[in-house]
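Welcome! Please take a moment to look over the sequence and the 3D structure below, and then we will walk through them together.

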Amino acid sequence: MSDRLCTILLYSDDPQVRDRMRLAVGTRPAPGLKVEFVDASTYAECVRLVDDYEIDLLLLDGEATPGGGIGIARQIKDDRDDAPPTCVVIARAADRWLAAYAEVDATLVHPLDPVTTGTTVAELLRTHAPA
């Protein structure tokens, strides 16, 4: 059995945050899954990548400025019937209600724990696997 290759879009205005997200996920978050990453640092770039490429998961920084990950998640879910699953990284656990309103599929809290991050990403990729 070969590994399923998945593409994760990492969004943050801060390249260090994108690097921490990439490290927390790793290239093999679970057996049978291999991950490649594409990066976006602006809202426009994020939307363009979702439109132009087959993205399996959005991992968005909820603290990014000027466009936060929660707003981007909501916009993409509103605009697309085939929106990829979304996971937003937030600074405060109390912001989960806002993420739920934006219809995100999962939330993680800064600083990212690699075990929790890998488990969450693997579950989203498996749950939302193409038929």
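Leaving aside its neighbours within four places in sequence, which residues is Leu-59 in contact with? They are Ile-8, Leu-9, Leu-10, Tyr-11, Met-21, Val-25, Cys-87, Val-89 and Leu-108, where contact means heavy atoms within 4.5 Å. This is a predicted model, in which local features need pLDDT of at least 70 and side-chain atom pairs count only at pLDDT 80 or more, while totals for chains, interfaces and linings use all residues. Residues are numbered from 1 along each chain as its sequence is written, and side-chain values use heavy atoms, with hydrogens and water left out.

**Confidence**

- The pLDDT, which is the predictor's confidence in each residue on a scale from 0 to 100, averages 94 over the protein.
- A score of at least 70 is reached by 98% of the residues.
- Confidence is highest in β3, at 98, and lowest in helix α4 (residues 96-101), at a mean of 92.
- Helices (H or I, at least four residues) and strands (E, at least two) are DSSP runs, numbered from the N terminus.

**The nonpolar cores**

- In soluble globular proteins, nonpolar side chains tend to be buried together.
- A nonpolar core here is a set of buried Ala, Val, Leu, Ile, Met, Phe, Trp, Tyr and Cys residues joined through side-chain atoms within 4.5 Å.
- Buried means under 20% relative accessible area, exposed means over 50%, and partly exposed is in between (1.4 Å probe, protein chains only).
- The largest nonpolar core has 22 residues, and Ile-8, Leu-59 and Leu-125 touch the most other members.
- Two or more residues of this core come from each of β1 (4-11), α1 (15-25), β2 (33-40), β3 (57-61), β4 (86-90), β5 (106-109) and α5 (114-127).
- Another core, of 19 residues, lies apart from it and includes Val-50, Leu-58, Ala-73 and Ile-90.

**Helix α1, side by side**

- Which residues of α1 are buried? They are Val-17, Arg-18, Met-21, Ala-24 and Val-25.
- These residues lie on the same side of α1 because they cover an arc of only 125° around the axis, the arc being that of the directions from the helix axis to the C-beta atoms.
- The buried residues of α1 pack against β1, β2, β3 and α5.
- On the face of α1 turned away from its buried side, you will find the exposed residues Gln-16 and Leu-23.
- Asp-14 caps the N-terminal end of α1, with a side-chain oxygen 2.8 Å from the backbone nitrogen of Gln-16.
- Just after α1 comes Gly-26, which takes a positive phi of about 75°.

- UniProt positions are given in the numbering used here, feature names are shortened, and annotations may be inferred rather than shown by experiment.
- In an unreviewed entry, UniProt annotates residues 7-125 as "domain: Response regulatory".
- The end C-alpha atoms of residues 7-125 lie 10 Å apart, and the span is 42% helix and 23% strand.
- The unreviewed UniProt entry also carries the annotation "modified residue: 4-aspartylphosphate" at Asp-61.

**A closer look at Asp-61**

- Asp-61 has its place in strand β3.
- Is Asp-61 buried or exposed? Asp-61 counts as buried because its relative accessibility is 3%.
- Leaving aside neighbours within four places in sequence, Asp-61 is in contact with Tyr-11, Ser-12, Asp-13, Val-17, Met-21, Gly-68, Gly-69, Val-89 and His-110.

**Loops worth a visit**

- Ser-41 is in the loop between β2 and α2 (43-52), and its relative accessibility of 30% makes it count as partly exposed.
- Although Ser-41 and Tyr-11 are 30 residues apart in sequence, they are 5.8 Å apart in space, C-alpha to C-alpha.
- Glu-103 is in the loop between α4 and β5, and counts as partly exposed at 43% relative accessibility.
- Glu-103 is not a glycine, yet it has a positive phi of about 65°.
- Beyond residues up to four places away in sequence, Glu-103 touches Arg-74, Lys-77 and Thr-86.

**Cis peptide bonds**

- The peptide bond from Thr-65 to Pro-66 is cis, with omega near 0°, and Pro-66 lies in the loop between β3 and α3 (69-79).
- His-110 and Pro-111 are joined by a cis peptide bond with an omega of about -10°, and Pro-111 is in the loop between β5 and α5.

Definitions and conventions
A polar contact is a pair of N or O atoms within 3.5 Å; within protein, one must be able to donate a hydrogen and the other to accept it, and residues adjacent in sequence count only if both atoms are side-chain atoms.
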